[in-house]
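Open the model in a viewer and keep the selection tool at hand. The stops below follow charged side chains.

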Amino acid sequence: MIEPLERAVKELKRLPGVGQKSAERLIFHLLTRDEEEVDRLSQAIKDLSTRVNRCKVCGNFSTGDKCDICSDSQRDRSKICVVSRPWDITKIESTQKYDGLYHVLGGLINPIEDVAPGDLSIGKLINRAKSEEVGEVILALEPKTEGESTSMFLVKKLRPLGVEISQIAQGIPVGRDLEFTDKATLGKAFEGRRDI
Ligand SMILES: [Zn+2]
């Protein structure tokens, strides 16, 4: 394989779920497209690193300092839903069952992978929960071991603040990522959330 092809295949193979065969297929496909289309794709990918930031308030993806949700005056500012990753927000938004704000932890506490509470955006969450306008914190972390232990840790930290703490209903199969949970199930999980 000539050098530019080999390099493109090598880069694509770094992506999750892309092996040698599918990388080659994608490259060969791109080679048959016109230059403009390939340029559009490469610009879109480039924009991911140059135009996408993290919201300074909640950690969601954003093109400015504040994400669309934090800047939206229609959102219920008394509720903060805690998720581990920004794409969980997209998933929850698609259910249209939630109108509050979010907070992205940036992962889950995981001693095996050396993720400690200090590595996550927990201090920031505590500060936000201290604000007068916040009345409820909803935990929407994956119902697997790390999610459970992170939720327990957060409850301990949030309890003294006198804020209401709830958890989305466990209709989500154990070990399933929110990402792979279907919309209807996640929507129901939100409606059926309970105090903890
Ligand atoms: Zn935000």
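Is Glu36 buried or exposed? Select Glu36: its relative accessible area is 57%, so Glu36 is exposed (buried means under 20% relative accessible area, exposed over 50%, partly exposed in between, with a 1.4 Å probe and protein chains only).

This is a predicted model, in which local features need pLDDT of at least 70 and side-chain atom pairs count only at pLDDT 80 or more, while totals for chains, interfaces and linings use all residues. Residues are numbered from 1 along each chain as its sequence is written, and side-chain values use heavy atoms, with hydrogens and water left out.

A salt bridge here is a side-chain nitrogen of Lys or Arg within 4 Å of a carboxyl oxygen of Asp or Glu. Both residues lie in helix α3 (residues 35–50), four residues apart, about one turn of the helix. Helices (H or I, at least four residues) and strands (E, at least two) are DSSP runs, numbered from the N terminus. Arg40 is exposed, at 53% relative accessibility.

Move to Asp99 and Lys79, a salt bridge with its closest N and O atoms 3.0 Å apart. Asp99 sits in the loop between α5 (86–95) and β4 (100–104), and Lys79 in strand β3 (residues 76–83), 20 residues apart. Asp99 is partly exposed at 38%, whereas Lys79 is buried at 16%.

Finally, select Glu142 and Arg85, joined by a salt bridge of 3.2 Å, N to O. Glu142 and Arg85 are 57 residues apart, and both are buried.
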